[in-house]
Amino acid sequence: MTYHPKSDFMRVMIERGFLADCTDYQGLDEALIAGVVPAYIGFDATAKSLHVGSLIQIMMLRWLQKCGHKPLVLMGGGTTKVGDPSFRADERPLLTPEQIEANISGIRQVFDKYVGFGEGPSDALMLNNAEWLDNLNYLEFLRDIGRHFSVNRMLSFESVKSRLDREQSLSFLEFNYMILQAYDFLELNRRYGCRLQMGGSDQWGNIVNGIDLTRRVLDHEVYGLTSPLLTTSDGKKMGKSQNGAVWLNEDMLSPYEFWQFWRNTTDADVGRFLKLYTELPLEECERLGALKGAGINEAKIVLANEVTALCHGREAAEAAEATAREVFERGGMGEDLPTFKLSSKDLNWLAGDLLGASSGKMYCAAATLFVEAKLANSGKDAKRLISEKAALVNDEVVDASVPFVCRDVLEAGPTKLSAGKKRHALVVLAD
């Protein structure tokens, strides 16, 4: 990046690694210096929480506000009914209006932690594009808005082209999505003076469409800025863990599991992630990212603490670190570990004499416990852990020749299960 920004926001975007591309670096930079710039990012309400894959955009809005500008969090109450086809192999499942509203309510809980909402010049607003999309008159929309779009150009966008090149179906419903997103920018500019749309680099075509439409209809100068699509250094997509999506809402993923995701960051990603996902000074991010050996492990703990403190609060971050140290360094139970209550009725019990164990005792399959505790994706996966001696119950390796757990052990209190050295959970026998 050769451009040297004058505004605080552009400087942060470039120095911390948020910026992939911009439609007009100098024009946006000058607008940011001239006064408060309202800027938006859109989030479709496809689940009750966002996950780590959206965190780079959330941090962009947070930095925007910290630099004195106005974040507009646009919920896709309208566009979620259509579904963004960008780089997908199939059509998204359609949700009911009630499901969409419930999802928006859950996502609001995430943003309350990262930006301040209110009525002030730089206070954030949460908006819903259903406000202007739900009541559109189709014929008027085609006449007034549709005429500004070239189908030839729309077909050339990578998000559409990739589907067509693979000869995968793209419905007319989905094809409309980019027109609706462009119309969002027009309406946000008209209603709230929004001058900037931000998003991941896969949204570049949609953003450019919105800029063109706003200029054509309102003759207003607006801008677009994209962030890189992040993958980890080993090529994995951000937002996924071995157990599924890394959600930002506490009721969908515990703060400890969230902390542990960041603690398990690969060495090569630590410095980059510190710059993107924390507010530590750049010099400190670079210092920590350059550490080797035991030092990089301490840097990962700093990363986990700082990201968790932003998302769940400093107290939750400290509790997660304390639990991790107890579990890993002292072999303790760790009260903050994810806990799963199991009913004895749902477990298949075998008598001890059938297993060659002491008579009168009852046992259940260890593999079942690991699946129920979400430490294994399937019974086959659990049996692989056991055969590799990577499945532990109360810190003791499960015997692959007799892979069962005695009921007495489970009834004695919370039972600690470990899948390797990094993943742990507690199971409690409820009755």
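## Loop, sheet and core

Asn394 counts as partly exposed because its relative accessibility is 30%; the class lies between buried (under 20% relative accessible area) and exposed (over 50%), with a 1.4 Å probe and protein chains only. This is a predicted model, where local features need pLDDT of at least 70, side-chain atom pairs count only at pLDDT 80 or more, and totals for chains, interfaces and linings use all residues. Residues are numbered from 1 along each chain as its sequence is written, and side-chain values use heavy atoms, leaving out hydrogens and water.

Asn394 sits in the loop between S12 and S13. Asp395 lies in that loop between S12 and S13 too. Neither residue is a glycine, as the table's phi values concern.

| Residue | Phi | Relative accessibility |
|---|---|---|
| Asn394 | about 50 degrees | 30% |
| Asp395 | near 70 degrees | 37% |

Strands (E, at least two residues) and helices (H or I, at least four) are DSSP runs, numbered from the N terminus. S12 (residues 391–393) and S13 run antiparallel, joined by 2 bridges; strands pair if DSSP finds at least two bridges between them. Leu392 stands opposite Val397 in S13. The open sheet has 5 strands in the order S9-S16-S15-S12-S13, with mixed pairing. S9 (339–342) and S13 (396–397) are at the edges with a single partner strand each, so one side of each lacks a neighbour in the sheet.

Now the helix. In H12 (residues 255–263), 7 of 9 residues are buried, including Trp259 and Trp262. Trp262, Phe9 and Tyr277 have the most contacts inside the largest nonpolar core, of 74 residues. Such a core is a set of buried Ala, Val, Leu, Ile, Met, Phe, Trp, Tyr and Cys residues joined through side-chain atoms within 4.5 Å.
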